[in-house]
Amino acid sequence: MKDMYHAHAPLSPEQCSSTIRQLIHAPLPLVWSIVRQFDNPQAYKQFIKSCDLISGDGGSGSVRDVTVVSGLPAERSTERLDQLDDDLHVMVFSIIGGDHKLVNYQSTTTLQEDASKSGGGTVVMESYVVDIPADSCEEDTCVFVDTIIGCNLKSLARVSEKIARGKVP
Ligand code: A8S
């Protein structure tokens, strides 16, 4: 049902795109309360060391500067919140700067209640579109981004499920 948010305009040969899904055994309002904090991505994104809001109040149009943990091929990234819909549970952000190779990156995250399970599960879907760097290829670019998003969503599941079980993260 939320698939339409992940259907991108036709890609050019210089772009790549993919969608990652994660089932979380925690109620949607709890998962959304973690995802929607644009100024606090380190709440679940383990590669992020710190985050400063440099423009806006955390709503649509806000810009954040993110510092990543050491050992990665980059140190910082500047990101803009394009859309935050608390009713539809849709978040869209773009990467607009930084010392990394992800040019024209835009990500869309949607949450929906898991219909197949009783017990308050949440299905998170995150898709992205990004330019393929001149010195790379489609497969390597997708594997790199899919890996980061996969780690982020698994971590989001761990953090949410811990809170849902009544423990502090
Ligand atoms: C996100 C998604 C991504 C973040 C990437 C793909 C990044 O923060 C990391 C390494 C890089 O080389 C690029 O939702 C960048 O955060 C971990 C610094 C942008």
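**Around strand β7**

A: β1 and β7 pair in the antiparallel sense, over 10 bridges. Two strands count as paired if DSSP finds at least two bridges between them. Strands are DSSP runs of E with at least two residues, helices are runs of H or I with at least four, and both are numbered from the N terminus. The model is predicted: local features need pLDDT of at least 70, side-chain atom pairs count only at pLDDT 80 or more, and totals for chains, interfaces and linings use all residues. Residue numbers start from 1 along each chain as its sequence is written.

Now look along β7. β7 (residues 122–131) also runs antiparallel to β6 (residues 106–113), joined by eight bridges. E126 is the bridge partner of I20. E126 is also the bridge partner of T109. Further along β7, T122 is the bridge partner of E113.

Step back to the whole sheet. Seven strands form an open sheet in the order β1-β7-β6-β5-β4-β3-β2, with antiparallel pairing. β1 and β2 (48–55) are the edge strands, so each pairs on one side only. Neighbouring strands are turned by 25° against each other on average, direction ignored. Axes here are lines fitted to C-alpha atoms, for helices over the stretch in contact, and angles run from 0 to 180 degrees between N-to-C directions.

Two helices come next. α1 packs on the sheet and touches β1, β5, β6 and β7. Its direction makes about 160° with that of β6. α2 lies across β1 and β7, at about 20° to β1.

Finish on I24. Leaving aside neighbours within four places in sequence, I24 is in contact with V31, G121, T122, V124, L156, A157, S160 and E161. Contact means that C-beta atoms, placed from the backbone, lie within 7 Å.
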